[in-house]
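Please keep the structure in view while reading the points below.

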Amino acid sequence: MHARWSKRWSAGAFAALVALAVLGAQQPERKRERTSPPGYDDTPMLPGQPWRVHDIKRPQPPLVRPGERLGDPPSDAIVLFDGKDLSHWHHRGRGPERGKILPPRWKVQDGYMEVVGGAGDLVSNEKFGDAQFHIEWAAPPVIEGSGQWRGNSGVLLMERYEIQVLDNWENPTYADGMAGAIYGQFPPLVNPARRPGEWQVFDIVFEAPRFEGERLVKPAYVTVFLNGVLLHHRQAIIGRMAHRRVGTYAPHEPEAPLALQDHDTAVRYRNIWVRRLKGYDER
Ligand code: MG
């Protein structure tokens with residue numbers, strides 16, 4: 001009897017130990033119990049801020065759950081393309097169909113979308129102002145054309161300000177037209193582009209321009225990473241995208257769609273998500 005009880009007890013204890021070990025593995029390790037005050041109300045005011053240093057009343061930043069793997073959308077992202085359909089996108093009608101909203105005609109297959117030449121730029125249904133964008137793209141795997149006619153597309157922020165998409169692999173072209181360039185304005189700081197057919201990653205932080213009536217009071221600023229490498233660091237944009245001339249600003253709405261350029265080459269896109277940006281302490 002005693003032996004059986006003991007056997008049961010030891011089996012139970014073993015199970016409890018395993019459970020504790022599993023739980024322990026999931027929890028961050030804690031060693032010493034040292035504490036600090038949750039904040040202060042007797043410290044100096046921060047210059048230009050309505051908060052004290054370490055202010056106990058300052059709101060906590062919202063909790064955002066990051067994606068599992070680097071590049072996966074975090075919990076507060078708006079996913080514009082997850083590889084399945086183009087329900088977040090449309091085309092703008094041109095010529096006799098001007099002003100019309102047309103259903104998306106770019107191809108979707110194997111988890112990516114592909115530019116269909118002549119279908120027109122792909123325009124997001126949602127509009128954005130200040131925002132963080134994650135966009136993955138690949139130039140066509142089969143090399144065709146040269147210079148600006150090789151794997152050309154573009155990320156058109158607010159449908160106006162272009163971060164160039166181009167197959168840069170052993171393909172000379174003007175510096176301010178290379179992949180990651182603020183097209184026609186600033187070349188990328190470096191060229192970290194991959195081979196055609198390989199997936200490449202843009203991470204873009206965009207500050208929308210501000211207008212007061214007809215007057216520009218703050219230009220757009222952009223920070224761009226390509227494949228994790230910095231290409232532009234809060235660079236002021238000169239004006240809207242232009243070819244062979246200097247782009248200028250014209251007043252527009254505070255939020256506008258993201259567009260992907262149809263430059264008649266079969267560039268592919270996948271995993272596109274956006275986070276609207278707010279200031280410190282804003283909700
Ligand atoms: Mg382009």
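Leu122 has Leu260 of β15 as its bridge partner, and Val155 is likewise bridged to Leu260 in β15. The model is a predicted one, and the pairings described here are computed from its atoms.

**The open sheet**

- Six strands make up an open sheet whose order is β3-β2-β6-β15-β8-β9, with antiparallel pairing.
- The edges of this sheet are taken by β3 (101-102) and β9 (161-165), and because each of them has a single partner strand, one side of each is left without a neighbour in the sheet.
- Strands β6 and β15 run antiparallel and are joined by four bridges; Phe128 stands opposite Ala256 in β15, while Leu122 is paired with Leu260 of β15.
- On the other pairing of β15, two bridges connect this strand (residues 256-260) to β8 (residues 153-157) in the antiparallel sense, with Leu156 facing Ala259 in β15 and Val155 facing Leu260 in β15.
- Strand β2 (residues 89-92) pairs with β6 (residues 122-128), again in the antiparallel sense and over two bridges, and Trp89 stands opposite Ser124 in β6.

**Buried loop residues and their contacts**

- Gln148 belongs to the loop between β7 (131-138) and β8, and because its relative accessibility is 14%, this residue counts as buried.
- Leaving aside neighbours within four places in sequence, the residues in contact with Gln148 are Gln164, Leu166, Thr173, Tyr174, Gly177, Tyr183 and His263.
- His252 sits in the loop between β14 and β15, and with a relative accessible area of 12% this histidine is buried.
- When residues up to four places away in sequence are not counted, His252 touches Met158, Arg160, Tyr161, Pro209 and Phe211.
- His252 and Gly213 are 39 residues apart in sequence, and their C-alpha atoms are 9.5 Å apart in space.

**Residues with positive phi**

- Most residues other than glycine have a negative phi, and the two residues in this group are therefore worth a look against that background.
- Asn227 has a phi near 55°, which is a positive value in a residue other than glycine; its place is in the loop between β13 (221-226) and β14 (229-236), where Asn227 is buried with a relative accessible area of 18%.
- Arg244 also has a positive phi, near 65°, and is found in the loop between β14 and β15; at 80% relative accessibility, however, Arg244 counts as exposed.

**An exposed loop position**

- Asp42 lies in the loop between α1 (2-26) and β1 (78-81), and a relative accessible area of 61% makes this aspartate exposed.
- Asp42 and His54 are 12 residues apart along the chain, with a separation of 9.5 Å between their C-alpha atoms.

**The chain as a whole**

- One helix and 16 strands are found in the chain.
- The radius of gyration of the chain is 25 Å, whereas a compact globule of 283 residues would have a value near 19 Å.
- Taken along the principal axes, the C-alpha atoms of the chain fill a box of roughly 90 × 55 × 40 Å.
- Buried residues account for 39% of the 283 residues of the chain, and the accessible surface comes to about 17,400 Å², with 54% of that area belonging to carbon and sulfur atoms.
- Among contacts between residues at least 6 apart in sequence, 63% join residues at least 24 apart.
- The charged side chains number 37 positive and 34 negative, and the centres of the two sets lie 5 Å apart.

Key. Residues numbered from 1 in each chain as written. Predicted model: local features only at pLDDT ≥ 70, side-chain atom pairs only at ≥ 80, totals over all residues. Heavy atoms only, no water. Pairing = 2+ DSSP bridges. Buried < 20%, exposed > 50% of the residue type's maximum accessible area, 1.4 Å probe, protein only. Contact = heavy atoms within 4.5 Å. Rg over C-alpha atoms; globule rule 2.2 N^0.38 Å. Areas by Shrake-Rupley, 256 points an atom, 1.4 Å probe, with all protein chains shown as cover. Lys, Arg positive; Asp, Glu negative; His and termini not counted. Charge placed at Lys NZ, Arg CZ, Asp CG, Glu CD.
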